[in-house]
Amino acid sequence: MKILVAEDEPKIGTYLQQGLSEAGFSVDRVENGSEALQRALDESYDLLILDVMMPGMEGWEVLRRVRGAGQAVPVLFLTARDRIEDRVRGLELGADDYLVKPFAFAELLARVRTLLRRGQASAVPTRLQVADLEVDLLKRRASRGGQRIDLTAKEFALLELLLRRQGEVLPKSLIASQVWDMNFDSDTNVIEVAIRRLRAKIDDGFEPKLIHTVRGMGYLLDTPE
């Protein structure tokens with residue numbers, strides 16, 4: 001999935017590009033509306049994330065011209081303005097969603113996935129499976145060997161991340177940013193505790209074991225070779 005991020009604040013733009021890239025997306029970033037429009041018209045994207053206030057051309061105008069060119073690509077607006085009339089204007093121009101700054105990255109990621117599911121339903125899996133572990137992303141349910149597994153919201157988010165990045169060793173810093181939307185603090189054991197609890201639900205009483213610890217590096221979910 002390819003995403004264009006148009007954000008004139010370098011710190012926010014870099015943050016979004018890094019986070020979305022770590023979530024598995026291909027991300028291009030620009031810092032002004034004119035370049036955003038050019039990229040959107042010249043290249044094929046699955047989603048546009050547009051800041052409303054940008055130099056060169058406002059996000060409103062970028063959207064108007066993109067829709068005028070006949071493109072139905074999903075568009076998510078980012079803005080510091082929370083006025084109803086601004087939201088109405090964006091929706092009337094053809095925006096698909098609207099997120100007010102400041103926002104948690106976890107919320108943005110959820111909205112991104114929702115928009116991509118709408119626009120590319122066939123390309124975004126709604127079920128993930130490894131061995132006899134099955135996860136229904138739409139119903140937010142997990143089961144193993146046909147047995148229902150009750151998970152908290154954070155446990156489900158952690159399991160989804162591990163499944164989507166199956167076979168990859170995920171460092172604690174990435175898990176902290178993606179699941180808890182925070183910077184990793186080496187003095188806290190929140191991730192170790194969460195992994196231990198998830199492993200007890202997913203692996204205890206089942207074979208093969210799926211959640212593994214790679215000492216000094218992080219965690220991964222995969223079947224043994």
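Is T126 buried, partly exposed or exposed? With a relative accessibility of 32%, T126 counts as partly exposed, because the partly exposed class lies between the 20% cut-off for buried and the 50% cut-off for exposed. This residue sits in the loop between α5 and β6, the strand of residues 127-130. Leaving out residues up to four places away in sequence, T126 touches V135, D136, L137 and L138. For one of these, D136, the separation is 10 residues in sequence and 6.2 Å in space, taken from C-alpha to C-alpha.

Let's step back for the overall picture. What you have on screen is a predicted model. The protein chain holds 8 helices and 11 strands, and its C-alpha trace spans about 60 × 40 × 35 Å along the principal axes. Of the 225 residues in the chain, 43% are buried. If you take the contacts between residues at least 6 apart in sequence, 55% of them join residues at least 24 apart.

Now to the nonpolar interior. In soluble globular proteins, nonpolar side chains tend to be buried together. Here the largest nonpolar core has 27 residues, and the members that touch the most others are L133, L158, L159, L163, I175, I202 and L221. At least two residues of this core come from each of β6, β7 (133-136), α6, α7, α8 and β11 (218-221). Helix α6 gives the largest share, with 6 residues.

Setting aside neighbours within four places in sequence, L221 is in contact with V130, L133, L159, L162, L163, Q166, G167, L210 and I211. There is also a second, separate core of 22 residues, which includes V30, L48, M57 and W60.

After α7 comes D181, with a positive phi near 55 degrees.

Next, follow α6 to its partner α8. Two packed helices are described by the angle between their axes and the distance between the axes. For α6 (residues 153-164) and α8 (residues 190-202), the angle is about 80 degrees and the axes are 10 Å apart. That angle makes α6 roughly perpendicular to α8. On the α6 side the contact is made by E155, L158, L159 and L162, which meet A194, I195, R197, L198, K201 and I202 in α8. By class, this contact has 7 nonpolar residues, 3 charged ones and no polar ones.

Side chains of opposite charge can pair when their charged atoms come close. K201 and E155 form a salt bridge, with the closest N and O atoms 2.7 Å apart. This pair links distant parts of the chain, as K201 belongs to helix α8 and E155 to helix α6, 46 residues apart.

Another joins E7 to K101, whose closest N and O atoms are 2.9 Å apart. E7 lies in the loop between β1 (2-6) and α1 (10-22), and K101 in the loop between β5 (97-100) and α5 (105-119), so the bridge ties together parts that are 94 residues apart in sequence. Both E7 and K101 are buried.

K101 also meets E9 in a salt bridge, at 3.9 Å from N to O. Because E9 lies in the loop between β1 and α1 and K101 in the loop between β5 and α5, this pair ties together parts that are 92 residues apart in sequence. E9 is partly exposed, with a relative accessible area of 38%, while K101 has 16% relative accessibility and therefore counts as buried.

K2, D28, E35, R39 and E43 are linked in a network of salt bridges.

Methods: Residues are numbered from 1 along each chain as its sequence is written. This is a predicted model: local features need pLDDT of at least 70, side-chain atom pairs count only at pLDDT 80 or more; totals for chains, interfaces and linings use all residues. Side-chain values use heavy atoms; hydrogens and water are left out. Axes are lines fitted to C-alpha atoms, for helices over the stretch in contact, and angles run from 0 to 180 degrees between N-to-C directions. Helices (H or I, at least four residues) and strands (E, at least two) are DSSP runs, numbered from the N terminus. Angles under 35 degrees count as roughly parallel, over 145 as roughly antiparallel, 65 to 115 as roughly perpendicular and the rest as oblique. Contact means heavy atoms within 4.5 Å. Ala, Val, Leu, Ile, Met, Phe, Trp, Tyr, Cys and Pro count as nonpolar, Asp, Glu, Lys and Arg as charged, and the others, Gly among them, as polar. A salt bridge is a side-chain nitrogen of Lys or Arg within 4 Å of a carboxyl oxygen of Asp or Glu. Buried means under 20% relative accessible area, exposed over 50%, partly exposed in between (1.4 Å probe, protein chains only). A nonpolar core is a set of buried Ala, Val, Leu, Ile, Met, Phe, Trp, Tyr and Cys residues joined through side-chain atoms within 4.5 Å.
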